[in-house]
Amino acid sequence: MEIRPIFASLRKHRIPACLIVLEIALACAVLCNAVFMISQRVSDIHLGNAIDEQGIATVVLRGTDDNLVGSDIPRNLAALRGIAGVNAVAVTSTLPLSHNNWGWSFGLDPDATISDQKSHNVSLYFVGEGADQALGLRLLQGRFFNGDEYAGSKFDTAPLPETHVVVVTQSLAKKLWPGQSALGKTLYSMPHYYTVVGVVADVLRPAFGNQAGPYIYDSTYYPLSAGGSKGVLAYYVIRSAPQDRERIMREAEQKLADLNPGAVTKAQTYSDIREKYFADMSSMAWMLVLVCVVMLAVTAFGIVGLTSFWVGQRRRQIGIRRAVGATRGHIMQYFQTENLLLTSVGVAIGMGLAFGINIYLMQHYEMSRMPWYYLPGGALSLWLLGQASVFGPAQKAASVPPVVATRSV
Amino acid sequence: MFAYYLDLALRSLKRNKVLTALMVLAIAVGIGASMTTLTVVHLLSGDPIPGKSGVLFFPQVDPENPARADHTEPYPAMDYRSATDLWNAHRADRQALVTSSPVKVRAPETGRPPLILSMLSTTTDFFPMFEVPFQYGAGWSAQDDANHARVAVISADLNAKLFGGANSVGRSLRVRDTDVRIVGVLKPWRPTPLFYDPWSQNFSKTEDVFVPFTSSMEINEGNFQAYTCWHVPDDTHHLQNSDCVWVWLWAELDSPAKASSYARFVADYAEQQKAMGRFAIGKEHVRVRDVMTMLTARGMVPDDVRLQAWLASAFLAICLFNAVGLLLAKFLRRSGEIGVRRALGASRRAIFSQCLVEAGVIGLLGGFFGWLLTLTGLWLVRQQPVDYAHLAHVDTAMFLTTFVTAVATSLLAGLIPALRASRVVPAWQLKAL
């Protein structure tokens, strides 16, 4: 295919050609970054979380008397166990993705303090007996807490419980003690210290910032007795078969409300908690999808409109070419090649622009580096879009009869 | 002449309906997307208390000791001692201590189930300072503050929930375990963003119960939470003497002279505390910012919204390129007609203005549909699970901006094509006829 005539005719239409190139460049740059943002959000929404998400319902009980929780909690738990279909029940201080985050910084040396810059920030989960069963935690090493450890742990005036055992997640264990077993190691925040007795599969923190980072699984678990909980243990976690969950949740809320007339209850399935946490992200992702689709449509319309105009303008030229022996295929190819050239220049600029925008976003927003394959991916989709939108006008051009050459336009 | 051009423009637009529709659509979509996000950005970065934001100041000191090396700004809250020291000095025209905590609230007489609400602990000046509107009653007095009076002001929302919106002044409310007397009921009040608290980008509702600072320390003892601590408190239930920041101070200073003298006063205080060994950093970390400066410093507009605004601007640019290309195609297709008109005596100017009128008509149509799309877009934003959703409404200013932007955009887009069209050489076109 001879491309010199194409250049010659493009030189005559410099402004429209430049406009199309700019439009494609901008579309390519926006598309790459938008798709990258969408993929990041989608992967955030699907973050793994090693608890029985489908089987857990929770009732949060607030406004109870802190002095009576020692007897109230066992009574409430017993009542919940009586509901048909309940597999396990326990109380905890919070749940993953519940936004109710209690963070603390621990060091690995006995002299570590909370304001040490070396210390590691983790989320604290205080759990009552049976929480491993109720949550469906997957134990990977060591053990969960025993009855004595639950009974012996309580809150005094300090913000950390008086116990010396902790269970950590696998990611946190690997981060704090790379290449070693975490069992028997100790977290310090003097005068408190906690020795790791077990490692569980990764459970998300109750809350993390807008973006998932390497810190999202930094969760730690501490035993806590009902009597020494000072109102911290407010989440009643009820585990059942997924199909029973809604009914059991309603019954559980009713039971707790009846047993604790002065308190405030709030029931939620775990799936709802998770969905609510990511609602922001998923609506942003849908918005980005919408923008991409409309943007590509507008770009395609632009190409269709301009090519149609060029076809109309060149009817006579096409007629002459057809008259002197060009096939319909030749005419089609002419317009397709022209579009390919314009799109190629556009995506070349667009890829540079996309890279630049990504760098800018990395500096000003919590954005990570875009993997290289997004650039050729964006380029490819614009090439395809260009070819698809030029097809109609090109076919119209190919159907110009040679006899046009003998008439005036 | 304008009427004639308009007639020509309409005829020409009718001649090729598909192309016209494409152009109008391109402009409308670009305008719709960009105006939707710009409206949201405009509303989010608005002044929460117009008229007074220049005289309300948020003093900050840095009580952290020892100071962290990576800590270049003071926390947006104070420790109890610094806040009360500065408040007790009464150096401002009006001043308010503020902190919030969750609390259980019941209205025993109504028999309704208890609620867990957010309670604002503050001092008497809070209401006049922030121009809080009252439906019934009024705020409490300075005497009430000093006497730890058991009184409360409630929000319109809570009044509707508990008392069906009736005048509830004089009725009693059980806040945790203490009975307090309602002295005031607010009208619906929702400053946006919620500027008086330390959390950035907070577009949530105001608190539902307002109680004198001194009384609330007793009523809700143990339930106050720290913004942050630099030493582990010995007793989490008593933050008064802890190394934690959890109280915010506001000062109203009616003149620039008072503002600078107040800033000096806070700096002196910080220096004096440093000399005493309580602060590690003195006046270097003192900030006395007015409302808008403080909001800008802590970042008003959420990242997602700023990203959307960027995206929408890129989108508008794409639509603009599109419109220019299509207009160019449209005008140059009529080169023959333009050639004839030029040959018959029309000046370049006349051709140029005729083309611009046509571009303007497309702009108006695009602006109209763009405005409809903006309304749809804002409706979509209102359906989003974000706490600023309630704000997304078009105001008159934004309505006018949309239209002006649309027409300006399409006139701009029409400029190059119109110039090109007016340069058509009549002789060539006449030959081709």
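**Interfaces within and between the chains**

Between domain 1 and domain 2 of chain B, about 580 Å² of area is buried, with carbon and sulfur atoms giving 59% of it; buried area here is the accessible area (1.4 Å probe) that two parts lose on being put together, summed over both. On the side of domain 1 of chain B, the residues that lose the most area to domain 2 of chain B are Pro302(B), Asp387(B) and His390(B), which together account for 59% of what that side buries. The structure is a predicted model, in which local features need pLDDT of at least 70 and side-chain atom pairs count only at pLDDT 80 or more, while totals for chains, interfaces and linings use all residues. Residues are numbered from 1 along each chain as its sequence is written, chains are lettered from A and ligands numbered from 1 in the order in which they are written, and side-chain values use heavy atoms, with hydrogens and water left out.

The domain assignment of chain B gives domain 1 as 2–45 + 302–432 and domain 2 as 56–298, bounds of this kind coming from an automatic or database domain assignment. The C-alpha centres of the two domains of chain B lie 50 Å apart, and seven residues of domain 1 are in contact with seven residues of domain 2, contact meaning heavy atoms within 4.5 Å. Between these domains of chain B the rule finds zero salt bridges (a side-chain nitrogen of Lys or Arg within 4 Å of a carboxyl oxygen of Asp or Glu).

Met35(B) is placed in helix H2 (residues 17–44) of chain B, helices being DSSP runs (H or I, at least four residues) numbered from the N terminus. Met35(B) has a relative accessible area of 3% and is therefore buried, a term that means under 20% relative accessible area (1.4 Å probe, protein chains only). Apart from neighbours within four places in sequence, Met35(B) is in contact with Thr374(B), Met398(B), Thr401(B), Thr402(B) and Thr405(B).

Between chain A and chain B, the buried area is about 4,000 Å², of which carbon and sulfur atoms give 71%. In chain A, Leu19(A), Phe309(A) and Tyr365(A) lose the most area to chain B, together 15% of what that side buries. The contact takes 48 residues from chain A and 45 residues from chain B, and the count of salt bridges between the two chains is zero. Helix H2 (14–45), helix H8 (270–313) and helix H10 (328–364) of chain A each supply at least two residues of the side that touches chain B, and H8(A) gives the most to that side, with 18 residues.

Notes
Buried means under 20% relative accessible area, exposed over 50%, partly exposed in between (1.4 Å probe, protein chains only).
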